[in-house]
Amino acid sequence: MIPSTVTLSVAQGFLKGREYSFVAPARCVIGRARDCDIQLPGDCFHADVSRHHCVLDISPPAIHVRDLGSRNGTFVNGVRIYDSADERAEAPVADGLDLKDGDQFQLGSTAFQVKVESVATVPALPLFF
């Protein structure tokens with residue numbers, strides 16, 4: 001198996017330029033609460049982000065995003081995703097959405113760019129003397 005890395009780069013918002021990399025399976029909650037894995041500021045500029053806004057299930061190279069019932073929604077490539085129990089959903093995404101390299105997801109004014117890298121390991125060359 002080729003080792004992979006999932007990197008989330010903040011492309012827009014207060015934390016622009018920050019990166020979060022994952023090389024092992026992880027569950028990552030994003031929101032304003034102190035117990036979130038990626039915590040956004042709790043100021044007036046982030047009032048449209050819920051305390052526990054969305055969750056990422058990461059198992060490099062796979063990454064899956066699911067909205068946690070936020071009031072203002074989670075958007076993937078400009079399209080709002082909904083939980084299957086959300087009555088506002090015309091076409092609900094039952095359990096979130098799989099993301100791929102180059103996708104962007106947004107909560108409030110903060111946008112994350114997804115980068116998935118697979119690193120091929122090069123076998124060591126034998127030494128000849």
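Me: Is H46 buried or exposed, and why does it count as such?

Reply: Buried means under 20% relative accessible area, exposed over 50%, and partly exposed in between (1.4 Å probe, protein chains only). H46 counts as buried because its relative accessibility is 3%. This is a predicted model, in which local features need pLDDT of at least 70 and side-chain atom pairs count only at pLDDT 80 or more, while totals for chains, interfaces and linings use all residues. Residues are numbered from 1 along each chain as its sequence is written, and side-chain values use heavy atoms, with hydrogens and water left out.

Me: Which residues is H46 in contact with, leaving aside its neighbours within four places in sequence?

Reply: Contact means heavy atoms within 4.5 Å. On that basis H46 touches F14, R32, L40, P41 and T110.

Me: How should I read the sheet, and in what order do its strands stand?

Reply: Strands of a sheet pair through backbone hydrogen bonds, either parallel or antiparallel. Strands are DSSP runs (E, at least two residues), numbered from the N terminus, and two of them pair if DSSP finds at least two bridges between them. Here six strands form an open sheet, ordered β2-β1-β11-β10-β7-β8, with antiparallel pairing. Because β2 (19-22) and β8 (79-81) each have a single partner strand, they stand at the edges, and one side of each is left without a neighbour in the sheet.

Me: How many bridges join β1 and β11?

Reply: Strand β1 (residues 4-12) pairs with β11 (residues 110-118) over eight bridges, in the antiparallel sense. T7 stands opposite K115 in β11.

Key. Helices (H or I, at least four residues) and strands (E, at least two) are DSSP runs, numbered from the N terminus.
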